[in-house]
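The sequence and structure come first.

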Amino acid sequence: MSTVTWRVPDKLDRRKLQAFTCALGVPPKGRTPSWEHEVQAYFRTQALADTGASRRLDQRFRVAEDGWGIAAAYTHARPASHHPDLRVPPGTACRYLLMLGIAARYRKQGGKFADEVLLDALYDMLEREPNHESVAVFARVDRHNLPSQKMLRRIGFQQVIPGTPERRLGWWLLTVDR
């Protein structure tokens, strides 16, 4: 694995973001894109604009870059509103891990790099909430996305609302203490 450099991207990174590939293969014609393609499309076309438009939610967008381009990306923010079934203890900050993508070249290597990316996101969330001793981090994951579910479990997330055929995204929670 090569060394990566973490940073906040800017408008000059549009070309690099367009080349960011975190999805494997192309879905067959007439088939809906998988969660991988949705994440890839988000980072390629929306992440920069969303981050600028969501300053009131303290949305953060970070990328890891290696010698071949963008190696990983993630976004997180404070929630605009709380899901009625998700509870956060009083005095605990709340952040949503909105999107996280790992470049295809780092796939199928046991998850070590993915874990490093997720840990960077968690530390970044703690830094964004300096007035709280703990941060409740929520993530939504497609019920068929087993690699992401495994990554969350390795770090200690618990599934709190499972995905269903009607509502494919399940909710996951990890409370991070200082």
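How many bridges join β1 to strand β2, and in which sense do the two run? Three bridges join them, and the strands run antiparallel.

## Basis of the report

The model is predicted, so local features need pLDDT of at least 70 and side-chain atom pairs count only at pLDDT 80 or more, while totals for chains, interfaces and linings use all residues. Residues are numbered from 1 along each chain as its sequence is written, and side-chain values use heavy atoms, with hydrogens and water left out.

Helices (H or I, at least four residues) and strands (E, at least two) are DSSP runs, numbered from the N terminus. Two strands pair if DSSP finds at least two bridges between them.

## The sheet

Seven strands make up an open sheet with mixed pairing, in the order β1-β2-β3-β4-β5-β7-β6. Its edge strands are β1 (5–7) and β6 (158–161), each of which pairs on one side only. From one strand to the next the twist averages 30°.

On β2 and β3 the pairing is antiparallel over seven bridges. The two strands form a hairpin with two residues between them, and glutamate 65 stands opposite isoleucine 70 of β3.

Buried means under 20% relative accessible area, exposed over 50%, and partly exposed in between (1.4 Å probe, protein chains only). Seven of the seven residues of β2 are buried, so the strand is largely enclosed by the rest of the structure. In a regular strand the side chains alternate between the two faces of the sheet. In β2, Arg60, Arg62, Ala64 and Asp66 point one way, and Phe61, Val63 and Glu65 the other way.

Is threonine 75 buried or exposed? Threonine 75, in strand β3, counts as buried at 0% relative accessibility. Contact means heavy atoms within 4.5 Å. Leaving aside neighbours within four places in sequence, threonine 75 is in contact with residues including Tyr42, Phe43, Arg60, Phe61, Tyr96 and Leu98.

Axes are lines fitted to C-alpha atoms, for helices over the stretch in contact, and angles run from 0 to 180 degrees between N-to-C directions. Helix α2 (residues 35–45) packs on the sheet and touches β2, β3 (69–77), β4 (93–102) and β5 (134–142), with its direction at about 100° to that of β4. Helix α4 (residues 112–128) also packs on the sheet, touching β1, β2, β3, β4, β5 and β7 (169–177); its direction makes about 40° with that of β3.

Within α2, the buried residues are Glu36, His37, Val39, Gln40, Tyr42 and Phe43. They pack against α1 (14–19), α3, β2, β3 and β4.

## The α4–α5 contact

Helix α4 packs with helix α5 (residues 146–155) at an angle of about 60°, and their axes are 10 Å apart. That makes α4 oblique to α5, on a scale where angles under 35 degrees count as roughly parallel, over 145 as roughly antiparallel, 65 to 115 as roughly perpendicular and the rest as oblique. The contact is made by Ala114, Asp115, Leu118, Leu119 and Leu122 of α4 and by Met151, Leu152, Arg154 and Ile155 of α5. Seven of these residues are nonpolar, none is polar and two are charged. Here Ala, Val, Leu, Ile, Met, Phe, Trp, Tyr, Cys and Pro count as nonpolar, Asp, Glu, Lys and Arg as charged, and the others, Gly among them, as polar.

## Residues in loops

Where is aspartate 58? It lies in the loop between α3 (47–53) and β2. Aspartate 58 has a positive phi, near 55°, in a residue other than glycine, and at 13% relative accessibility it counts as buried. Lysine 108, in the loop between β4 and α4, has a positive phi near 60°; at 79% relative accessibility, lysine 108 counts as exposed.

Proline 162 lies in the loop between β6 and β7 and is partly exposed, with a relative accessible area of 47%. Not counting residues up to four places away in sequence, proline 162 touches Arg167 and Gly170.
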